[in-house]
Amino acid sequence: MWYISTRGTAPRVDFEGALCSGYAPDGGLYIPEELPQLDRETLGRWSSLSYPSLVKELCSLFIGPELIPREDLNGLIDRAFSRFRSRDVVHLQKLKHGLSVLELWHGVTYAFKDLSLSCTAQFLQYFLEKRGKHVTIVVGTSGDTGSAAIESVQGAKNVDIIVLLPKGRCSKIQELQMTTVLKENVHVFAVEGNSDELDEPIKAMFADAAFVQEHNLMSLNSINWSRVLVQMAHHFFAYFQCSPSLDTHPLSPVEVVVPSGAGGNLAAGYLAQKMGLPIRLVAAVNHNDIIHRTIKHGDFSLSQAVQPTLASAMDIQVPYNMERIFWLLSGSNSQVTRALMEQFERTQGVHLPKELHSKLSEAVTSVSVSDEAITRAMGRCWDENQYLLCPHSAVAVSYHYQQMDGLQPSAARCCLAPASAAKFPEVVLAAGLTPEMPEEITALERKETRCTPMRRGDPWALMLRDTIEDLSRRWRGRSLRGLQ
Ligand SMILES: *Cc1c(COP(=O)(O)O)cnc(C)c1O
């Protein structure tokens, strides 16, 4: 399987290349040259698989056995999920009034990013060990990515991870999840600035190609192909769990409601749809509604600024993964995609060509949900089921309640739940409900923390570079002594 860039001018790469590079050199995103098509028989066979087995089947279609033999792949995926709290890894909760919630948050950091990052980190370590190489991962985060990335590589021999977090702007729990992992390969900086400000030194560094190459730097953000790949599995799982029957001709559809920020989860769902899974996708967003405006009106343009909402992990200005959806919709046309994205980058806004827009609105519908509707959905779900939703899950469930109260009978539906309510006690309180805190989370407060401050006036970019150079030196020292 080969991967090409959505912008069409970068050389093709294999899975290892796509995994290790994030963006393609032409600024595009990697995407499989060809999508496998799944027939009814395959879907029938997959329908009874456990979630981990589904991940294995799916990944084996996109990672050739010449890169990772099937037996190794199975082992890596088992290892990835070995620290999850639930053996099933994900769990479908059926609630009153036809509400089905797919809990994707049984990993160590209580959010769905654990699913894809744990697998991605295993794949990465596999290749690094094989090649005797070392990478330094650099992540800027204000949400769940940093903690899941740290968790997925903590203690790994061939990986160092540097995380920059905006001090005081993540939730208390998110910050503690990042600063309490006291492993030698984990380096956390608490930056006195907002997430845009902390992105600057990172961007400047990644723009220095020679430095990136010399020190094997990589990011692990949501545009990484490997993350998107793994996320396809829960769309399949949602379909099989919620489809009324697999015996009808044609197969009956299931609507999957996807709380969306950067659109990684949504792109994964659209890829699954393109492979033949009969799902209808609903992109559910908060007040930051660029995806919604794009689907409704073809208006792919930035708003003035990011608006803080109760569903903070979806407070995002640029939904990077839409580029993959545009490419697929355009019939794999990289010229169209490149023109569109370059104009977007120049002018911060572009109107989709008519044909592309009509294809998009056929493939995906959308809804934008206010803070008030988020707390209302949390309250109603609790009243009806004594079940707490996190604010992001509530964005999806709010759509369910809207549809249920409408007149049209609706298809089977599955709402994705990207995080646990336990991670957002402030919002649970604001909704007039009582947080339920697992011991693991309350215990964070008592743990020792470690992070390096980056104060205003400090030379942030220089501090970052020094750290990276130091890590490379340490790795070279270790490998010279034969300790790698
Ligand atoms: C990252 C995240 C999202 C957004 O997912 P995308 O794939 O970026 O659209 C939604 N909810 C939670 C809790 C998240 O951590």
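**The ligand and its surroundings**

Guide: Domain 1 (112-220 + 451-484) and domain 2 (225-439) both give residues to the shell around the ligand, so the ligand lies between them. This is a predicted model. The shell has 18 residues, and the closest are Asp144, Gly261, Ala262, Gly264 and Ala313. Helix 11 (residues 264-274) supplies the largest share, 3 residues. By type, the shell divides into 8 nonpolar, 8 polar and 2 charged residues.

Now take Lys113. The unreviewed UniProt entry places the feature "modified residue: N6-(pyridoxal phosphate)lysine" at this position. Lys113 sits in helix 5. Is Lys113 buried or exposed? Lys113 counts as buried because it has 32 C-beta neighbours inside 10 Å, and the cut-off for buried is 20 or more. Beyond its neighbours within four places in sequence, Lys113 is in contact with Asp144, Thr145 and Ala148. Asp144 is also among the closest residues to the ligand.

Next, the two domains themselves. The chain is divided into domain 1, made of 112-220 + 451-484, and domain 2, made of 225-439. Their C-alpha centres lie 28 Å apart. Across the boundary, 11 residues of domain 1 are in contact with 12 residues of domain 2. Helix 5 (residues 113-131) gives the most to the domain 1 side, with 6 residues. That side divides into 6 nonpolar, 4 polar and 1 charged residue.

In the unreviewed UniProt entry, the annotation "domain: Tryptophan synthase beta chain-like PALP" covers residues 105-331. The end C-alpha atoms of that span lie 34 Å apart. Its content is 44% helix and 17% strand.

Move on to helix 16 (residues 371-385). Helix 16 has 15 residues and reaches 21 Å from its first C-alpha to its last. That is close to the 21 Å expected at 1.5 Å a residue. Which residues of helix 16 are buried? They are Asp371, Ala373, Ile374, Thr375, Ala377, Met378 and Cys381. An α-helix has 3.6 residues a turn, so residues three or four places apart point the same way. The cover over the buried residues of helix 16 includes helix 17 (391-404) and helix 18 (425-430). Just after helix 16, Gln386 takes a positive phi of about 50 degrees.

The unreviewed UniProt entry gives residues 3-81 the annotation "domain: Threonine synthase N-terminal". The end C-alpha atoms of this span lie 26 Å apart. The span is 47% helix and 8% strand. Ser47 lies in the loop between helix 2 (40-46) and helix 3 (51-62). Ser47 counts as partly exposed because it has 15 C-beta neighbours inside 10 Å. Leaving aside neighbours within four places in sequence, Ser47 is in contact with Phe240 and Leu246. Ser47 and Arg324 are 277 residues apart along the chain, and their C-alpha atoms are separated by 27 Å.

Definitions and conventions
Residues numbered from 1 in each chain as written. Predicted model: local features only at pLDDT ≥ 70, side-chain atom pairs only at ≥ 80, totals over all residues. Domains from an automatic or database assignment. Contact = placed C-beta atoms within 7 Å. Helix = DSSP H or I, 4+ residues; strand = E, 2+ residues; numbered from the N terminus. Nonpolar A, V, L, I, M, F, W, Y, C, P; charged D, E, K, R; others polar. Expected span 1.5 Å × (residues − 1). Buried ≥ 20, exposed ≤ 12 C-beta atoms within 10 Å, placed from the backbone. Near = placed C-beta within 6 Å. UniProt positions renumbered as here; feature names shortened; annotations may be inferred.
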